[in-house]
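My entries follow in the order of looking.

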Amino acid sequence: MSAIPPTPAVPSAPEAPSASALIEAREVFCHFGPASRRVRAVDGINLTVNPGETLGIVGESGCGKSTMAKLMLGLEKSTGGDMLVNGRSMSTLRGSAYQAYRRDVQAVFQDPYSSLNPRMRIGQTMVEPLDIHGVGTPAERRERAGELLSRIGLPPDSLKRYPHEFSGGQRQRIAIGRALIADPKLIVLDEPISALDVSIRAQMLNLLADLRDEFGTGYVFIAHDLAAVATISDRIAVMYLGRVVEIGPAEAVARSPAHPYTRMLFAAADPSGEAELPRGEPPSPIAPPPGCRFHTRCPFAREACSQSDPPLRSYNGRTVACHFAEDIDTPLIT
C-alpha cells in the first residue's frame, strides 16, 4: 500500500525532552492506502527511548506496535512528523552516519526460523553483521561469535550447524546473539517470546535481562504477554488505535493504571482481576471514532469523551490521554 500524508489530528503532548534520547518520535504519523481507505497505523505519536533503558510497548493486535517498531528500524517511512536518532532526523542520515545507525539499532523478530537464512551455517549468520560493518579480522569475528554463543547457552560446535538443527528456543537465542554481536545501543524486540513454548519463555526473559545488564544495551520490548513486559521494562507505553494513551514507569502502569484501557488490559491478564473488560471489538483504524478513541468501549465514558480528543497530559508520575483519569485511578494490584 502506498503511504500518503496524514490528515490533521489533535496533537499529543510530548514526553519531557531528553538531550540524551537515543530515538525520539515527534508527532509521528504512518498512514497507508488511498484517502477512502486510509489506515492510520501510527497517528501522531510522541515517544522517547533512552540509552540503556527497556521501553515496553503493549496493546491489542492492530494498535500500531509493530509499525512503530518498523519506523524505529527504518523499515517503514513516516508520512508525517519526524524520527530522530541521537537528536538527528532519520531522514537525513547518509553515509557513515547511516551505517552507524544501522549498527546501533538491531532487531529480533517473532519467528526465529524465518529470520535465519536456512542455507547459512550459524557461524556465517553470526559474523555477517561484523563483515558488513568491517569490525575486526576474520579470526576475531569468529572468536566473538563463539564467545556470544557460549554466553547465550549454546555449545561452540553450533557455529558449524544449520538453523533447522536447533529448537525454536535455541534459534531465538541465536537471533539475539546475532543482534548483540555488533555491540548495538538498542535492540527492538517485536514479540520475541510469543512463538516459544510457555515453558521456556521465563528462561528467555531471564537471558534478555542478563544480557541487558551485561552489555548495557537498551531494548524496545513489544509483546502481548503483559506480565513479561511489566517484568522486564523500565517504562511501558500503551497503544490504542495508533495512539499512545498512557506511558510511565512500568510498576506504576501495571499496578495502578490511569487510563481505562490500560486498566482493562492488565485486568484481563490477571485471572483474579474483577474489573470490567472492554466492550465489543476495537473500531477500525480506517474510521476511528470521534473524541476519545476508546470511548465506544469504555465503561467510564461520559459525554465529553465523545466530543473532544484528550491529549496526553502529565498525571501522577506518568502521562495519560484521559479526561477523567483522576476519577478512575485506583490500584489494580495490591
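In which strand does Ile45 lie? I find Ile45 in strand β2, residues 39-49. Strands here are DSSP runs of E with at least two residues, helices are runs of H or I with at least four, and both are numbered from the N terminus.

Before going on I note the ground rules. This is a predicted model, in which local features need pLDDT of at least 70 and side-chain atom pairs count only at pLDDT 80 or more, while totals for chains, interfaces and linings use all residues. Residues are numbered from 1 along each chain as its sequence is written, and side-chain values use heavy atoms, with hydrogens and water left out.

**Entry: Ile45**

Is Ile45 buried or exposed? I looked up its relative accessible area, which is 1%, so Ile45 is buried. The cut-offs are under 20% for buried, over 50% for exposed and partly exposed in between, with a 1.4 Å probe and protein chains only. I then listed its contacts (heavy atoms within 4.5 Å), leaving aside neighbours within four places in sequence. Ile45 touches Ala25, Arg26, Glu27 and Val28, as well as Met68, Met239, Gly242, Arg243 and Val244. I also checked Asp82, 37 residues from Ile45 along the chain; their C-alpha atoms are separated by 9.8 Å.

**Entry: Ser233**

Where is Ser233 found? I place Ser233 in the loop between α7 (226-232) and β9 (235-240). Ser233 is buried because its relative accessible area is 9%. For polar contacts I used pairs of N or O atoms within 3.5 Å; within protein, one must be able to donate a hydrogen and the other to accept it, and residues adjacent in sequence count only if both atoms are side-chain atoms. The Ser233 side chain reaches the backbone oxygen of Val229 at 2.7 Å and the backbone nitrogen of Gly56 at 3.4 Å. Beyond four places in sequence, Ser233 is in contact with Thr54, Leu55, Gly56 and Ala250.

**Entry: whole chain**

I count ten helices and twelve strands in the protein chain. Of its 334 residues, 51% count as buried. Among contacts with a separation of 6 or more, 66% join residues 24 or more positions apart.

**Entry: pockets**

The search runs on a 1 Å grid over the protein atoms alone: a pocket is an open set of points with protein on both sides within 12 Å along at least five of seven lines, a cavity is a set where a 1.4 Å probe fits but cannot get out, and lining residues have an atom within 4 Å of a point. Grid points are joined across faces, edges and corners, and a volume is the space filled by probe spheres set on the points.

The largest pocket holds about 430 Å³. Of its 17 lining residues, Arg102, Val105, Gln106, Ala107 and Pro129 are the closest to its centre. The second largest pocket has a volume of about 290 Å³. It is lined by 16 residues, with Gly74, Glu76, Lys77, Met90 and Ser91 closest to its centre.

**Entry: cavities**

How many cavities of 30 Å³ or more does a search of the whole structure find? I get four.
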